Amino acid sequence: MEKGVIVYSSVSVVHRARKLLKRLGFQTQVVQLPSDLGLKGCNYGMECFWTDLEDILQYSKQNKLKVKAVFRVGETESGRVYTAYDLS
């Protein structure tokens, strides 16, 4: 199943979002992202099922959880591939 990673403004916000979303029944996990993604600051994100992404982004916006970036995660023979998702 396809996955996505949501990067929040800090690792504290990642953990807070995960805790809140767990109460709503979303399956997520905190992951460390590769440094070559060019993110400044927090290199941790919250991995979720791609099918849940829009609902989680809407919930994050309603609860003022600042989203810094979103990536679609793909798997290849050489490892994971992160494709930027347009937040606009």
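**Figure 1. A buried glutamate, E47, in the predicted model.** With a relative accessibility of 4%, E47 counts as buried, because residues under 20% relative accessible area are placed in that class. The model shown here and in the other views is a predicted one. E47 forms a salt bridge with K3, in which the closest N and O atoms are 3.8 Å apart. Since E47 belongs to strand β3 (residues 44-49) and K3 to strand β1 (residues 3-8), the pair ties together parts that are 44 residues apart in sequence. K3, for its part, is partly exposed, with a relative accessible area of 27%.

Figure 2. The side chain of R80 meets that of E47 in a salt bridge with an N to O distance of 2.8 Å. This pair links distant parts of the chain, with R80 in strand β5 (residues 79-84) and E47 in strand β3, 33 residues apart. R80 also meets E75 through their side chains, in a salt bridge of 3.2 Å from N to O. R80 is partly exposed, at a relative accessible area of 38%, whereas E75, at 58% relative accessibility, counts as exposed. Through salt bridges that share partners, K3, E47, E75 and R80 are joined into one network. The structure as a whole holds four salt bridges.

**Figure 3. The largest nonpolar core and a second one.** The largest nonpolar core has 16 residues, and among these I6, Y8, A17, L21, M46, L53 and I56 touch the most other members. Strand β1, helix α1 (11-23), strand β3 and helix α2 each supply at least two residues of this core. When residues up to four places away in sequence are not counted, L21 touches Y8, F26, M46, I56 and Y59. A second, separate core consists of nine residues, including L39, A69, F71 and Y82.

Figure 4. T28 lies in strand β2, which covers residues 28-32. The residue is buried, with a relative accessible area of 11%. Leaving aside residues up to four places away in sequence, T28 touches R18, M46, E47, C48 and I56. Among these contacts of T28 is E47, the residue that forms salt bridges with K3 and with R80. M46 and I56, which are also touched by T28, belong to the largest nonpolar core.

**Figure 5. The largest pocket and its lining.** The volume of the largest pocket is about 170 Å³. Rolling a probe the size of a water molecule over the atoms shows where empty space is left. The residues that line the largest pocket are E54, L57, Q58, S60, K61, L65, K66, V67 and L87. Helix α2 (residues 53-62) gives the most to this lining, with five residues. By residue class, the lining of the largest pocket divides into four nonpolar, two polar and three charged residues.

**Figure 6. K64, a loop residue with a positive phi.** K64 is placed in the loop between helix α2 and strand β4 (67-76). The phi angle of K64 is near 55°, a positive value in a residue other than glycine. Most residues other than glycine have a negative phi. K64 is exposed, with a relative accessible area of 73%.

Figure 7. T51 lies in the loop between strand β3 and helix α2 and is exposed, with a relative accessible area of 61%. Although T51 and G4 are 47 residues apart along the chain, their C-alpha atoms are separated by 8.8 Å. D36 has its place in the loop between strands β2 and β3, and at 66% relative accessibility D36 counts as exposed. The C-alpha atoms of D36 and T76, which are 40 residues apart along the chain, are separated by 17 Å.

Technical notes:
Residues numbered from 1 in each chain as written. Predicted model: local features only at pLDDT ≥ 70, side-chain atom pairs only at ≥ 80, totals over all residues. Heavy atoms only, no water. 1 Å grid on protein atoms, 1.4 Å probe; cavity = no way out; pocket = protein on both sides within 12 Å on 5 of 7 lines; lining within 4 Å. Points joined across faces, edges and corners; volume = space filled by probe spheres on them. Helix = DSSP H or I, 4+ residues; strand = E, 2+ residues; numbered from the N terminus. Nonpolar A, V, L, I, M, F, W, Y, C, P; charged D, E, K, R; others polar. Buried < 20%, exposed > 50% of the residue type's maximum accessible area, 1.4 Å probe, protein only. Core = buried A, V, L, I, M, F, W, Y, C linked by side-chain atoms within 4.5 Å. Contact = heavy atoms within 4.5 Å.
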